[in-house]
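Take a look at the chain below. The report that follows walks through some of its features, one topic at a time.

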Amino acid sequence: MARTKSKDSAGSTANIGFEAKLWLTADKLRNNMDAAEYKHVVLGLIFLKYISDTFEEHRTKLLSGLGDYAGANPEDPDEYKAENVFWVPGESRWSHLQASAKQPNIGKLVDDAMVAIERDNPRLKGVLPKDYARPALDKQRLGELIDVIATIALTAASEGEKTHRSVDLLGRVYEYFLTRFASAEGKNGGQFYTPSCVVRCLVEMLAPYKGRIYDPACGSGGMFVQSEKFVESHGGRRGDISVYGQESNATTRRLAVMNLALRGIEADFGPEHEDTFRRDLHPDLRADYVLANPPFNDSDWFRKDDDVRWQYGVPPKGNANFAWVQHFIHHLAPHGMAGFVLANGSMSSSQSGEGEIRRAIVDADLVDCMVALPGQLFYSTQIPVCLWFLTRSKGADAARGFRDRKRQTLFIDARKMGTLIDRVHRELTDADLDRITGAYHAWRDAAPAVAYGDVAGFCKSATTAEIAAHGDVLTPGRYVGAEEVIDDGEPFEEKMPRLVAELQAQFAESAALEEVIRANLAGLGYGW
């Protein structure tokens, strides 16, 4: 059964120590700059600090000349590339930039540093931001920001962090800052960020231990990062998974490339940014796992009526939901599995042929599990969403430990779960994720740690025939029923008189308070 270690006692990522303190400092330096613009300023510098620190760490080993590094030349770029470390030329090293942080030309120095890194590392060509010299960017604040980022390892140490390697911490800071920028940008934040608790739920349900992982709407790459974390936390190796992605927004694609490079994950994002429906950059890919959070209810999308992907029906021009679903199915390997986020309407809509497409998918026995999530999880929308889990094969699979679940689908209603972390945002805790993923693995696995059983109001295993009887609607609430009410043991004939007596006492108290208020108002000359 898939599990990851708890991050803290509350199971929440709302407050995670030194990252939060760094954010507060960096955000003060933002001044009046728009969050969408400032995001690239900050994240670009964090990435620059990362590759410089990684370079210096390896350079120290080369300079020592010990063991395998005997006779190594610390100024030979090939020594670094052989270890999958980016070569950082002298003018791009963090020590050089920090020493010049107070200079009026610091913006041009950072731009020159980014250009030099791209020149010497083809993998990063066209990825790094190079507009730090623009007049609108306050150079004094830029220098102060460089000083803030330089303190990352020191700040972590003061918080009692067990690991002080800046290259490890910078990845955490990058991820945390992505979250905060998504919150600051509100609706637009959803274009590049999926809440980590939702990503964790998808990843822990599918448990991608090994194989090809594909996200055709990859945003800033969160699905890939969480998949890599999952593999490593379960004793696997980073090389056990290969990553394929596509992103239509050029600046968001750059965030993804940097995000994965921060963790040493090599990914194939195709040669450039591109719309998945206009031009599929991985047409021949058949993935073991598809993980995605595509745009919700997109009405402005490109449709080719005779597209080979429309195996279950031509999706309507006014909504791309089932275009995405069929794109995912098209790219699944024979035993492939997909987990993705969609708007709730996808579970029940019958407009413009969507009901027929959903029926065809259900009839093909592709729907493995449906999860209804609570509202307020996303920065881009307050509406509740759902998770779809599809699979090409529901037969028994001894190699993966799956039981035979042909013509069966699990429904999970998690709408009442989650904890508010601020006035408008909710988060699934570790306990919530354990309950959701635990139910799925107990249902799917041939030898689960805990036997599966339907739970009224939460989960229900339904047959394809039952789904057909409900008009092929996939809303979990239709199947799980009402939560059982705990009987308090008090007979009705005793409870009702007691409740009526309590109500009468409250009416009397209310009338007395009303008289006091009237008297006070009369004393102020406002009686009536």
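Met496 sits in helix H17, which covers residues 492-523. This is a predicted model. Met496 has a relative accessibility of 41%, so it counts as partly exposed. The cut-offs explain the label: buried means under 20%, exposed means over 50%, and partly exposed lies in between.

Phe492, Met496, Leu499 and Val500 make up a nonpolar patch on the surface.

## The chain as a whole

Now step back. The chain has 528 residues, and 50% of them count as buried. Its secondary structure includes 17 helices and 11 strands. Along the principal axes, the C-alpha atoms fill a box of roughly 90 × 75 × 45 Å.

Asp306 and Leu433 are 127 residues apart in sequence. In space, their C-alpha atoms are 40 Å apart. Asp306 is in the loop between E4 and H12. With a relative accessible area of 60%, Asp306 is exposed.

## How helix H2 packs

Two packed helices are described by the angle between their axes and the distance between the axes. Helix H2 spans residues 35-64, and helix H5 spans residues 106-120. They pack at an angle of about 55°, and their axes are 12 Å apart. That angle makes H2 oblique to H5. The crossing of H2 and H5 is left-handed.

H2 also packs with helix H11, residues 250-261. What is the angle between H2 and H11? It is about 25°, with the axes 10 Å apart. H2 and H11 are therefore roughly parallel to each other, because angles under 35 degrees count as roughly parallel. The crossing of H2 and H11 is left-handed.

## Salt bridges

Side chains of opposite charge can pair when their charged atoms come close. The count of salt bridges comes to 28. One of them joins the side chains of Asp27 and Arg30, at 2.9 Å from N to O. Asp27 and Arg30 are three residues apart in helix H1 (residues 18-30), so about one helical turn separates them. Asp27 is partly exposed, at 25% relative accessibility.

A second salt bridge links Asp368 and Arg405, with an N to O distance of 2.8 Å. Asp368 lies in strand E6 (residues 367-372). Arg405 lies in the loop between strand E7 (385-391) and strand E8 (408-413). The pair therefore ties together parts that are 37 residues apart in sequence. Are these two residues buried or exposed? Asp368 is buried, at 1% relative accessibility. Arg405 is buried too, at 0%.

## A further pair and a network

Asp445 forms a salt bridge with Arg444. Their closest N and O atoms are 3.4 Å apart. Asp445 counts as buried, with 12% relative accessibility. Arg444 is also buried, with a relative accessible area of 3%.

Glu37, Asp131 and Arg134 are linked in a network of salt bridges.

## Two residues with positive phi

Most residues other than glycine have a negative phi, and most peptide bonds are trans. Ala207 has a positive phi, near 55°. Ala207 is found in the loop between helix H9 (196-206) and strand E1 (211-215). At 6% relative accessibility, Ala207 counts as buried.

Asn297 has a positive phi as well, near 50°. Where is Asn297 placed? It is in the loop between strand E4 (287-292) and helix H12 (321-330). Asn297 has a relative accessible area of 35%, so it is partly exposed.

Conventions: Residues are numbered from 1 along each chain as its sequence is written. This is a predicted model: local features need pLDDT of at least 70, side-chain atom pairs count only at pLDDT 80 or more; totals for chains, interfaces and linings use all residues. Side-chain values use heavy atoms; hydrogens and water are left out. Patches are made of residues with over 30% relative accessible area and no salt bridge: like charges are joined within 9 Å, nonpolar side chains (Val, Leu, Ile, Met, Phe, Trp, Tyr) within 5 Å. Accessible areas come from the Shrake-Rupley method with a 1.4 Å probe; for residues, only the protein chains shown count as cover. A salt bridge is a side-chain nitrogen of Lys or Arg within 4 Å of a carboxyl oxygen of Asp or Glu. Helices (H or I, at least four residues) and strands (E, at least two) are DSSP runs, numbered from the N terminus. Buried means under 20% relative accessible area, exposed over 50%, partly exposed in between (1.4 Å probe, protein chains only). Axes are lines fitted to C-alpha atoms, for helices over the stretch in contact, and angles run from 0 to 180 degrees between N-to-C directions. Angles under 35 degrees count as roughly parallel, over 145 as roughly antiparallel, 65 to 115 as roughly perpendicular and the rest as oblique. A crossing is left-handed if the near helix is turned anticlockwise from the far one by less than a right angle, and right-handed if clockwise.
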